[in-house]
Amino acid sequence: MSSPLSGKHIVLGITGGIAAYKSALLARLFVKAGAEVQVIMTPSAREFITPLTMSTLTGKPVITEFFTANTGEWHSHVDLGLWADLFVVAPATACTLAKMATGVADNMLVTSYLSTRADVFVAPAMDLDMMAHASTARNLATLRADGVRVIEAAEGELASHLSGKGRMAEPADIVAALEAHIAQAESMSGKHVLITAGPTYERIDPVRFIGNYSSGKMGYALAEAAARRGARVTLVSGPVSCVASHPSVRVVHVESAREMLDAAQAAFTDADVAIMAAAVADYAPATVEDKKVKREHTPEISLTLRANPDIAATLGEARRPGQILVGFALETDNEQANAADKMRRKHLDMIVLNSLRDAGAGFGTDTNKVTVLHADGTTRAYELKSKSEVAEDILNEIEACAH
Ligand code: C5P
C-alpha cells in the first residue's frame, strides 16, 4: 500500500542538536515513502551531521544560507515555504523553538517557517532540564496556539548521560505521525460543513443594538480546522473581528438571529455536518425604531422583547438522516444534566459544554475547556487548550460519531 506521504513535498529542517544524526534516517524514510525532501540546516546543525550526507540521501542540495557564496544565487525562503506540503523540524532545539515562537528570522530555516503555508511539525530534542524549563514550555505553548504540531520528545537516556524527557521521537514514529496527519487532513474532503459563529445583534434603532460578548473565535477555529481537513465550509457569522483565511471557508455575514436563521437554513439543505457555535441573542426588540431614539424627548423607554427563533432546534426539526448536528452549551449550574437536556430538546447528536466556572474557558479567550456529550450517553472531558486544538478535538468527536 502506498504511503500517504507519497508525492508530498517535505521541507526537513535540521537544527544543532546531537539527535541530528537521526535526521539522516528520517530523510531516508521520507524518500522511501515516496516524498520529495528538501533539507534546510541551521548553521550549527552542520556541526552534527554533514550536508553531504543529507544531500546524498535526498538527491537535493542542502540549503543553509540565504545565498550560495561563490555564485551569489539567492535561495528564496518564500518559494521554499510555498513548495512545502509539510514542514518538519527534527530535531528542534530549544533555541530554534524560541525563534519560531517569536519570529526571530535570522536564518534560512526560521525565515522559511514564517513564509510557509504548510502544516508544521516540530520534534523537540534537548537535555531534560532545558525540556522542563518554563521558557521551553512557554514557547511550545505559543507554537501550539499558532497551529504547530508538536511530536513529543520521549523519555530515556540523553547525550548528557542523564536520563529523562528530551530524546527526539524515533524517525519511524515521526513518519507515522505525519502519515496519520495526512490521512486526517483529507478526512472531511467532499463534505459540506455549516458553522454558525459569533454573537447576533438585535436592533433597537439605527444606532443601537442588544448583543453579547461572543468573540466568534471558537466558531472561526472550527471553520479553519474543518477546511484544513478538506471540507467545504459555510460559516454564518455574526458581527466579529475574526477573519477566515482558508480559501474553502465561505463566510456569510449576518447581523440578527433572524438573518442567521435564514442563512443557516439555506446552507443546511446540503450540509453533512452543522455546528452551532454562535451565541444567538435569546430576545429581540419587538419593534425597531426607524429613527434614533432621543434622550431629550424620551426620558424613559421600555423595550418589549420577543423570543428569537432557536436556530439549532429549527435545523434539528428539519434534519435528514445522516446529517450530523452539533450544539454548544454554556451553563452555570447542573452543567451536564442541562446540556444533555438541551441536546435532546434540540435533536442534536452532540453537544459541547463549556463551563463559565473554568478560568480561560468561554467568551473572548484564546483557550477553552470543554466536555463533549453524545446522544448515546458517552461523555468526554478535555483539558484547557487553545481554541484551535479544541476545534481539532471537536472534529475528531464528530468524525467518530459519523462512523
Ligand atoms: O439554549 P441555548 O442558547 O443555551 O443553546 C445553545 C445552543 O443552541 C448553541 O449551539 C447555540 O448556537 C444554539 N442556539 C441557536 N439559536 C438560538 C439559541 C441558541 O442556534 N436562538
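Predicted model: local features only at pLDDT ≥ 70, side-chain atom pairs only at ≥ 80, totals over all residues.
How many positive and negative side chains does the protein have, and how far apart do the centres of the two sets lie? The legends below take up this point together with the overall fold and the domain contact.

Figure 1. The protein carries 38 positive and 47 negative side chains. The centres of these two sets are 3 Å apart.

**Figure 2. Secondary structure and extent of the protein.** The chain forms 13 helices and 21 strands. Along the principal axes, its C-alpha atoms occupy a box of roughly 80 × 50 × 40 Å. Where residues at least 6 apart in sequence are in contact, 67% of the contacts join residues at least 24 apart.

Figure 3. Buried residues make up 49% of the 403 residues of the protein.

**Figure 4. Division into two domains.** Domain 1 comprises residues 9-157 + 166-185, while domain 2 covers residues 192-402. Taken over C-alpha atoms, the domain centres are separated by 38 Å.

**Figure 5. Contact between domain 1 and domain 2.** Six residues from domain 1 and eight residues from domain 2 take part in the contact. The size of an interface is often expressed as the accessible area lost when the parts come together. Between domain 1 and domain 2, the buried area is about 510 Å², with 34% of it given by carbon and sulfur atoms. On the domain 1 side, Arg144, Gln184 and Ala185 lose the most area to domain 2; together they account for 68% of what that side buries.

Methods:
Residues numbered from 1 in each chain as written. Heavy atoms only, no water. Helix = DSSP H or I, 4+ residues; strand = E, 2+ residues; numbered from the N terminus. Buried < 20%, exposed > 50% of the residue type's maximum accessible area, 1.4 Å probe, protein only. Contact = heavy atoms within 4.5 Å. Lys, Arg positive; Asp, Glu negative; His and termini not counted. Charge placed at Lys NZ, Arg CZ, Asp CG, Glu CD. Domains from an automatic or database assignment. Buried area = accessible area lost by both parts, 1.4 Å probe.
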